[in-house]
Amino acid sequence: MRLQVPVRTTGFRIARILGIPIYLDASWLLIFGLITYSLAMAFRELHPQWTPTEHWTVGILTSILFFSSVLFHELSHSVVALHYKIPVHSITLFIFGGIARIGREPSGPLQEFNIAIAGPLASFFLAGMFAVVALVFASDQMVGALAGYLAWTNLILGAFNLAPGFPLDGGRIFRAIIWGITKNFSRATLIAGASGRLVAYTMMAIGAYKAYHDKEWTSGLWLGVIGLYLLNAAQESIAQVTIRETLAGLRAADVMNQEVPTVGGHITLEEYGAEVLRTGRRCHLVMSDDRLVGMMNVHTLNSVPREEWAHNSVQSAMIPREKILWTTPDESLLTLLERLLSADVNQMPVVSGTGNDAPQIVGMITRDSILRVMRTRTELGPRGASK
Ligand SMILES: [Zn+2]
């Protein structure tokens with residue numbers, strides 16, 4: 001699997017391969033423990049003549065080789081990406097497998113296709129290798145058991161990843177094909193994302209069937225959880241494309257509200273609440289002696305208990321000036337929205353002329369105003385948005 005998201009990498013770094021840092025997420029420890037345990041138990045059942053040490057040794061070795069196979073799969077994607085000069089930030093093993101984080105989207109459908117297909121091909125290659133090992137060492141029970149299991153799981157890993165739902169490899173291959181035919185990246189992503197949702201729902205349905213009908217609770221639940229994870233990832237990739245599309249080319253100055261309401265710092269929260277109710281404005285700059293001292297909004301007001309509103313001033317509750325996040329008229333709406341979301345704030349004052357003279361507040365930008373322009377643009381269709 002492969003994600004193209006600029007998220008922080010978490011987990012322990014265990015190695016560096018081809019210049020790519022390899023991480024183990026904390027959730028990986030859980031799945032590693034579970035798989036090792038169930039392998040040891042399965043070997044005990046299948047080969048009761050082995051000693052407990054042998055059950056566990058083969059179990060641990062098989063488990064390690066399984067996750068090495070997952071890593072090999074991700075590395076294959078990465079090698080092809082690097083070949084196209086696309087940076088690979090990291091590879092992380094986590095509870096649902098592996099993720100290679102790449103720096104940007106491929107610049108053409110052929111690149112996308114080749115990067116995506118490399119993973120399943122690598123898994124099929126490993127399946128073949130382990131099958132050969134299992135045949136050659138057929139007389140050795142332990143090597144045979146280990147290689148046989150890895151041949152199967154790599155085969156399943158490759159086949160599962162070929163399911164045509166974004167962001168699985170099959171979904172990316174599917175997107176590359178539509179992209180190649182339509183020459184339209186966004187439309188291809190939306191279609192592949194929709195098929196991703198379909199694959200996710202199908203997996204959840206199979207999971208539910210397994211659980212209720214076949215009474216295979218563990219595998220049913222597991223399929224359901226993976227389906228949920230894929231559904232979320234598919235929706236996120238659709239949302240990302242939609243946002244990028246609709247906000248392309250827009251800057252803070254385009255959607256900011258030029259009206260910047262102010263209130264005096266000395267008024268009580270009670271009076272501020274009344275002002276908010278009267279005007280419907282949810283955010284104000286707080287002035288004291290004609291100087292800007294802070295920012296006040298409904299969210300901050302609500303964080304003060306109602307009974308304290310009468311004897312507390314706005315100045316005592318507001319966001320102080322030095323804690324306010326600012327934007328400039330030129331900032332692109334896409335990065336601005338990302339900043340608003342990551343700082344979990346609803347509005348930012350727009351400041352111009354930071355260069356020479358005293359900075360001037362020229363407007364106010366809110367999450368709502370950005371969402372409104374997105375909605376409007378979506379209604380009017382992609383006309384005007386680039387790409
Ligand atoms: Zn993959």
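Predicted model: local features only at pLDDT ≥ 70, side-chain atom pairs only at ≥ 80, totals over all residues.
## The nonpolar core

Let's start inside. The largest nonpolar core holds 22 residues, and those with the most contacts within it are Trp28, Ile35, Phe43, Phe66, Phe67, Leu93 and Phe130. Four helices each supply at least two residues of this core: α1 (26-46), α2 (52-83), α3 (109-136) and α4 (141-161).

Leaving aside residues up to four places away in sequence, Phe130 touches Ser69, Ala147, Leu150, Ala151 and Asn154.

## Where α2 meets α3

The axes of α2 and α3 lie 8 Å apart, and the two helices pack at an angle of about 140°. The crossing of α2 past α3 is right-handed.

On the α2 side, the residues that meet α3 include Ser69, Phe72, His73 and Ser76. Their partners in α3 include Ile115, Gly119, Pro120, Phe125 and Phe130.

## Helix α7 and what follows

Helix α7 covers residues 217-247, 31 residues in total. From first C-alpha to last, α7 reaches 44 Å, close to the 45 Å expected at 1.5 Å a residue. Just after α7, Gly249 takes a positive phi of about 85°.

The side chain of Gln347 makes a polar contact with that of Asn297, at 3.0 Å. Beyond residues up to four places away in sequence, Gln347 touches Arg282, Cys283, Met295, Asn297, Leu340, Ile365 and Thr366.

Key:
Residues numbered from 1 in each chain as written. Heavy atoms only, no water. Core = buried A, V, L, I, M, F, W, Y, C linked by side-chain atoms within 4.5 Å. Buried < 20%, exposed > 50% of the residue type's maximum accessible area, 1.4 Å probe, protein only. Contact = heavy atoms within 4.5 Å. Expected span 1.5 Å × (residues − 1). Polar contact = N/O pair within 3.5 Å; in protein donor to acceptor, adjacent residues only side chain to side chain. Axes fitted to C-alpha atoms, helices over the stretch in contact; angles between N-to-C directions. Left-handed = near helix turned anticlockwise from the far one by under 90°.
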